[in-house]
Amino acid sequence: MSLFSLSTYSNASSYIPGEDYYVLKKPMKQNKGRIKVEEFFWYGCHYCYLVEKPLQGWLKNIPKDVHFERIPSTGNPIWESGARTYYTSEILNVRKNTHLALYKAIQVDKEKIFNQETAANFFTKYGIPKNKFNNVYNSFAVTNMVARSNNLMKTYALTGVPAFVVNGKYVVKGGDKRVIGILNYLISNERNLK
């Protein structure tokens, strides 16, 4: 039995719908096959930062039948700037280097990287010229990604972060390591429904 399975079974009886997770009234239809887990976050959120470390450990051993996607939240103009920054890092292919670094800069070093100018300055440390960053940040592609994020937040009726959505059916909120056990439990439930 794998570590994933052990943690699922050992905690399964302690997860309560309506307290530990919520069942969406209108689940979003998913493609058959892999189980989808979507993380909604914002770099300025302390609880998102706290859940990042256990999440990184979980991602190293993610089951093959699970597809994980990070979705930056867009609840207000400051959050939207963070979403644009995240998607810009993906398009520029530097997300692996900048994702944790942005969390550290904002949460530990208390840098205020909450708009296009401060984000462009931050990315120069990773060899991205400001004009290149700015062009991508304001691009049609990033605007579409931000719109998708905004639509998903509305579809899932999310009002805060961190939040995880499992297979378009379940919402898990919170920023502690218990989240990983709840995700494992819900993934197991979805696997058993196949």
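Which residue forms a salt bridge with glutamate 52? In this predicted model, the partner turns out to be arginine 70, with the closest N and O atoms 3.1 Å apart. Glutamate 52 sits in helix 2 (residues 46–60) and arginine 70 in strand 3 (residues 66–72), so the contact ties together parts of the chain that are 18 residues apart in sequence. Both glutamate 52 and arginine 70 are buried.

That pair is a salt bridge, and a search of the whole structure turns up 12 salt bridges. Another one brings together the side chains of arginine 178 and aspartate 20, at 2.9 Å from N to O. Here the link is between distant parts of the chain, 158 residues apart: arginine 178 belongs to helix 8 (residues 178–193), while aspartate 20 is found in the loop between helix 1 (3–11) and strand 1 (22–23). As for accessibility, aspartate 20 counts as buried at 11%, whereas arginine 178 is partly exposed, with a relative accessible area of 39%.

Then there is lysine 125, which pairs with glutamate 111 in a salt bridge whose closest N and O atoms are 3.8 Å apart. Loops supply both partners: lysine 125 comes from the one between helix 5 (116–123) and helix 6 (130–137), and glutamate 111 from the one between helix 4 (95–108) and helix 5, with 14 residues separating the two in the chain. Lysine 125 is exposed, with a relative accessible area of 54%, and glutamate 111 is partly exposed at 29%.

Terms used
Residues are numbered from 1 along each chain as its sequence is written. This is a predicted model: local features need pLDDT of at least 70, side-chain atom pairs count only at pLDDT 80 or more; totals for chains, interfaces and linings use all residues. Side-chain values use heavy atoms; hydrogens and water are left out. A salt bridge is a side-chain nitrogen of Lys or Arg within 4 Å of a carboxyl oxygen of Asp or Glu. Helices (H or I, at least four residues) and strands (E, at least two) are DSSP runs, numbered from the N terminus. Buried means under 20% relative accessible area, exposed over 50%, partly exposed in between (1.4 Å probe, protein chains only).
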